[in-house]
Amino acid sequence: MSYLRFEKAVMTNLQESLRRELLRTNRSGAYSSSTLVDCNTRKYHGLLVVPVPELDDDNHVLLSSLDCTVIQHGAEFNLGLHKYQGNTFSPNGHKYIREFDASLVPTTTYRVGGVVLKKEAIFQAYEDRILIRYTLVDAHSATTLRFRPFLAFRSVRQFTHENMTASREYKEIDHGIKTCMYAGYPDLYMQFSKKNEFVFMPDWYRGIEYPKEQERGYASNEDLYVPGYFEMPIKKGESIVFAASTSQIKATSLKKLFDDEVGLRAPRDNFYHCLVTAAHQFHNRQPNDDRYLLAGYPWFKARARDTFIAMPGLTLAIGERDYFELVMQTAEKGLREFMEEKPLSVKIYEIEQPDVPLWAIWAVQQYVKDAGKDEGYQRYGQFVKDIVDYIAKGGHPNLRLDDNGLVYSNGRDKAVTWMNSTANGRPVVPRSGYIVEFNALWYNAQKFCAAMLADQGRQQEADELEQSAAKTKQSFVETFVNDYGYLLDYVDGNNMDWSVRPNMIFAVAFDYSPLSQQQMKNVVDICTRELLTPKGLRSLSPKSGGYNPMYVGPQTQRDYAYHQGTAWPWLGGFYMEACLKLYKRSRLSFIERQMVGYEDEIDYHAIGTISELFDGNPPFHGRGAMAFAMNVAEILRTLKLLEKYSYQK
């Protein structure tokens with residue numbers, strides 16, 4: 001039985017199938033995404049979504065969808081599905097679906113009377129090209145296929161509506177056409193592996209609606225342009241490959257290209273293999289060969305903090321040290337440019353956030369554990385030392401090292417931590433001053449750098465850093481440990497946050513902790529009692545003021561809930577690392593049970609990957625972006641830690 005297989009009962013029930021999304025990427029920024037029944041429910045959905053750097057920094061939906069119609073004896077059976085205003089679905093092609101299997105290549109099997117048609121879709125690696133293969137498995141009489149493309153040519157953040165500006169011009173090419181609706185956009189090439197007839201019949205399909213946008217409180221409907229349709233006969237056992245791309249290809253090569261691409265895919269036959277495939281979806285290679293990790297799909301770019309946190313899990317945990325080195329090469333270049341106050345030459349966002357250099361050191365620390373000290377220090381030793389010196393000498397504009405050994409950041413007016421939601425131009429959670437995870441990171445960075453210097457025989461420098469770290473340790477305990485056994489979230493003069501938040505877990509999980517064994521156990525205990533869910537740690541305890549665990553409603557309502565009780569799997573990764581660090585093998589079965597909560601998500605929201613965040617209360621629905629790099633990364637890193645502790649005696 002396939003790991004990611006859905007029967008007819010699920011596929012024909014729109015309440016079940018529309019909530020399940022599918023994502024295909026090409027590792028160069030383009031993607032294809034929809035629901036399992038190919039009914040787009042987000043403005044970000046589309047069959048071919050590509051970056052158009054000549055226009056802006058967004059992705060753009062060129063081809064929204066492709067409706068296939070089966071014709072026999074003059075009767076037409078449209079396999080497409082669109083939602084229109086008034087809660088109307090048409091043409092209801094989902095009722096012909098017999099099963100969907102995504103274990104290797106996403107495959108939909110349709111049955112229309114005696115006709116059995118199989119559809120397989122794949123995104124070509126490193127090319128802006130979606131490939132769809134249609135195979136007529138069975139038919140008892142002459143069969144014709146008709147394909148109607150729905151064009152958008154718009155940013156993922158906007159909608160298109162019927163207008164007189166859109167160009168209707170097209171040009172016939174090898175087994176297809178090319179067209180472009182607006183100036184500044186690339187041509188869209190639509191080709192088939194088989195000769196066909198294109199019938200020019202331009203029309204606008206009006207009032208197509210996206211329910212996910214309705215849920216999020218946004219405008220939710222648009223009009224899509226259909227230039228006409230392609231038509232061709234198909235025989236029993238025959239396969240036809242369709243390609244949509246920003247460049248032309250030799251039509252006769254499409255069948256081989258599809259087979260070649262399938263050969264590159266690894267099966268998603270278990271939880272781990274799904275996560276590995278999901279990890280690869282965040283890869284991004286630019287034309288200048290810079291390598292990035294996208295923070296998520298469908299709307300995230302490469303963000304600095306996310307990059308450094310996700311890098312070990314998305315690369316080292318799955319045996320891909322070489323990709324860690326490629327991404328770090330780009331990220332180090334960007335971070336050095338920032339520290340040297342030079343213009344950024346890399347496309348990494350939010351690199352100015354004060355904790356970013358500290359997370360970079362943490363990422364290097366994981367590399368050293370994987371590659372060994374000799375290799376790690378040789379590659380990144382100077383980078384680590386330069387960051388520590390940069391912070392110690394006050395180089396960062398918003399990370400001040402005080403005399404007590406703690407680092408201070410001003411986050412009152414602008415969010416500076418990962419809890420970065422804003423409302424009315426102000427941080428919803430204005431964490432400012434001595435921030436708990438910033439100082440846990442700083443202590444860890446000093447100790448790691450000191451150990452590295454000692455290993456290199458630079459004992460005097462190591463001793464100086466050890467003295468600095470000792471001061472940080474003493475001040476950390478005095479500042480953050482409260483009478484109730486947990487850690488304050490931040491302290492700014494007389495202003496201190498007593499909310500029970502998950503940021504204290506980092507002070508336990510990191511290799512070097514400023515806390516005593518008992519203090520670490522106290523932190524883990526309160527996180528277990530008040531923050532732990534099957535989907536990770538809550539961002540706020542239900543017992544704390546302002547608890548708001550449901551990430552639903554309009555933008556402002558969601559902003560106030562974003563970090564006020566929602567659950568985050570990536571935080572759960574650090575929690576489980578802390579448990580293993582403290583309790584070793586005695587917590588293995590507990591953590592293995594915790595992983596079941598994540599595996600449940602693999603076939604429920606975005607197939608084969610992990611959503612951005614989850615409601616903090618049952619039934620813990622997945623919300624936000626359909627795929628989130630830090631979540632996938634930390635689950636993979638946890639699986640690696642489980643393997644490590646399982647083999648320890």
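Reader: Which residue of β19 stands opposite Thr135?

Author: In β19, Ser239 stands opposite Thr135. This is a predicted model, in which local features need pLDDT of at least 70 and side-chain atom pairs count only at pLDDT 80 or more, while totals for chains, interfaces and linings use all residues. Residues are numbered from 1 along each chain as its sequence is written, and side-chain values use heavy atoms, with hydrogens and water left out.

Reader: What makes β12 and β19 a pair of strands?

Author: The number of bridges. Strands are DSSP runs of E with at least two residues, helices are runs of H or I with at least four residues, and both are numbered from the N terminus. Two strands pair if DSSP finds at least two bridges between them. β12 and β19 (residues 239-245) have 7 bridges, in the antiparallel sense, so they meet the definition of a pair.

Reader: How many bridges join β11 to β12, and in which sense do the strands run?

Author: 8 bridges join β11 (residues 115-123) to β12, and the two strands run antiparallel. Glu120 stands opposite Arg133 of β12. The hairpin of β11 and β12 has 5 residues between the strands, and Tyr126 there takes a positive phi near 65 degrees.

Reader: Why is strand β12 called largely enclosed?

Author: Buried means under 20% relative accessible area, exposed means over 50%, and partly exposed lies in between (1.4 Å probe, protein chains only). In β12 (residues 129-138), 9 of the 10 residues are buried, so the strand is largely enclosed by the rest of the structure.

Reader: Why is Asp58 called buried?

Author: Its relative accessibility is 16%, and the limit is under 20%, so Asp58 counts as buried. Asp58 is in the loop between β4 (46-51) and β5 (59-72).

Reader: What makes the Asp58 and Ser155 pair a polar contact?

Author: A polar contact is a pair of N or O atoms within 3.5 Å; within protein, one must be able to donate a hydrogen and the other to accept it, and residues adjacent in sequence count only if both atoms are side-chain atoms. The side chains of Asp58 and Ser155 are joined at 3.4 Å, so the distance meets the limit. Contact is a separate term, for heavy atoms within 4.5 Å. Leaving aside neighbours within four places in sequence, Asp58 is in contact with residues including Ser155, Arg157 and Lys301.

Reader: What is the phi of Asn87 and of His175?

Author: Most residues other than glycine have a negative phi. Asn87 has a positive phi of about 60 degrees although it is not a glycine, and phi of His175 is near 60 degrees, again positive in a residue other than glycine. Asn87 is in the loop between β7 (82-84) and β8 (88-90), and His175 lies in the loop between β14 (170-173) and β15 (176-179).

Reader: What kind of peptide bond joins Tyr297 and Pro298?

Author: The bond between Tyr297 and Pro298 is cis, with omega about 10 degrees. The bond from Pro618 to Pro619 is also cis, with omega near 5 degrees.
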